[in-house]
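Where do side chains hold this fold together?

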Amino acid sequence: MTIGNQAPKKERKSRKSKPVNENAPLLPKSKEEDAGFDEFDGASFTGAVFNLSTTVVGAGIMALPATMKVLGLGLGVAMIIFMAFLTEASIELLLRFSRAGKNASYGGLMGDAFGKYGRILLQVAVLINNIGVLIVYMIIIGDVLSGTSSSGLHHAGVLEGWFGERWWTGRFFILLVTTLAIFSPLACFKRIDSLRFTSALSVALAVVFLVITVGITTVKLINGSIMMPRLLPNVTDLTSFWKLFTAVPVLVTAYICHYNVHSIDNELEDSTQIKAVVRTSLALCSTVYIMTSIFGFLLFGDGTLDDVLANFDTDLGIPYSSLLNDAVRVSYAAHLMLVFPIVFYPLRLNLDGLLFPSARPLYQENMRFASITIGLIALIFLGANFIPSIWDAFQFTGATAAVCLGFIFPASITLRKTI
C-alpha cells in the first residue's frame, strides 16, 4: 500500500494507455469504491511540479551551507549538480520499469522484482527516511521559533527574541501548538493533489528566503566585509579526511523524492508529462540549492552552523539587520510547515500497507486513517524533542534509508529486470 491515488477515469484519452496495477491495495476495485473521487479530473502539470519540488526542497537545504564548510564551495556545488543528474537517472529507471511491468507504485515495482519481502523492505525504508526527515523539520522549526544551543552558545529563536524567555516560547510548547494547529489539519488530506496550493506557497516562501539571503550577502560583498571562501576541502589529517564523508548523507537526503513520484504520476491528467515534471522540478530545486549553498556559506563562512537558520540571530552588519533576520527565519519555518504534509502523505500510506496489507483502501477507513495519522504525528513530535541536532538525523537517514530509496533500490530493480 504505497500509493493513495485512485486510477484516473478511463474516459480521459491521455490516460488510456497508463499501466495500472489492479492489485495495488489503495486502488478502487469497483465503481462504488471510486464514486467518492469521480469528480477528480487529474492533476495539472504545474500542480505536479509544485508537489514534487516541495517534496525535494525541505530541510536538506538548511544543511547545505554546512556541507560547503566541509567540502569547500567548488567541490560542494559540483556535488549538488552531480546528485541532481543521478537523481533524475534513478527516477527514470523507476518510471521505465513501472511502465513495463504495469506497476502503479514504488512498492508494487519492488514487489514485482523481489516479491513480498522486496515490497516490505521498500515500505520500511520509506518509514525510516520520512520519519527522520519530518523530525528534522520539527527540529528546525523549534530552532527557529524557540532557539537552540550549539557549541556552547545559545542562539535565540524569533519568539524568544521578541518576548524573552517564557514558558510559552519554549521548544516543547511551540512544537505542540504547531503540531496541533498546522501539521494535524494539513495531514488529513487524502489526495496528494489537494496539497498543490500549499506546495506552491511553500516554494514561494523558499524563494523569499533565498532572495533575502542573496540580498544580504550582496550588500556585504559590496562593502567588503566578506572574505573569499574556500573552494576545496581543508584536509590536514585522517580525521578531516573522514569528515568529508559526513556531507554525503546530507546531499543524498536533499534530493530524495522517489517515494512520491508514483503518487504524483497517478494523479496527472496527462501521464506522458511525468518526465517533464521530474526534470523541471529537479532543475528548479538544484538552482535553489546551489544559490542557497553559495550565498549561505559566503555570508557566514566557517561559522556556518549545521542549521544555517540558526546563524540568523546576530547583527549582520547591515541596516535593518534584525528585521531581515526575522524575515529569513519566519519565511523558512513557514515553508517547512507546508512541506510537512507532502512528506507525511507517503509515510502514512506505507505504514498502513505494512500493517494492513489486505485491508480496504485507507481513504475508505476513517478510523484507521485517523489512528495511523495520530500515532505517526505523536512519534515525530517526541523525536523532535529528544534528538539534539539535524546533522545527526541527516547522517542516519541519509546513510541508510535515503540512499536505498534513491539509488540502491532503483539500481537493484534494473539489474533484476535486465539480467
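**Charged pairs and packing**

At 6% relative accessibility, Arg329 counts as buried, where buried means under 20% relative accessible area, exposed over 50% and partly exposed in between (1.4 Å probe, protein chains only). Its partner is Asp326, in a salt bridge with the closest N and O atoms 3.2 Å apart. A salt bridge here is a side-chain nitrogen of Lys or Arg within 4 Å of a carboxyl oxygen of Asp or Glu. Asp326 is buried too, at 14%. Both residues lie in helix H14, three residues apart, about one turn of the helix. Helices (H or I, at least four residues) and strands (E, at least two) are DSSP runs, numbered from the N terminus.

This is a predicted model: local features need pLDDT of at least 70, side-chain atom pairs count only at pLDDT 80 or more, and totals for chains, interfaces and linings use all residues. Residues are numbered from 1 along each chain as its sequence is written, and side-chain values use heavy atoms, leaving out hydrogens and water.

The whole structure holds eight salt bridges. Asp265 meets Arg99 at 2.9 Å, N to O. This pair links helix H12 to helix H4, 166 residues apart. Asp265 is buried at 2%, while Arg99 is partly exposed at 28%.

Now take helix H5 (residues 106-114). Its buried residues include Tyr106, Leu109 and Met110. Asp112 forms a salt bridge with Lys417 (2.5 Å, N to O). That pair ties H5 to helix H17, 305 residues apart.

Phe183 and Phe340 are both buried.
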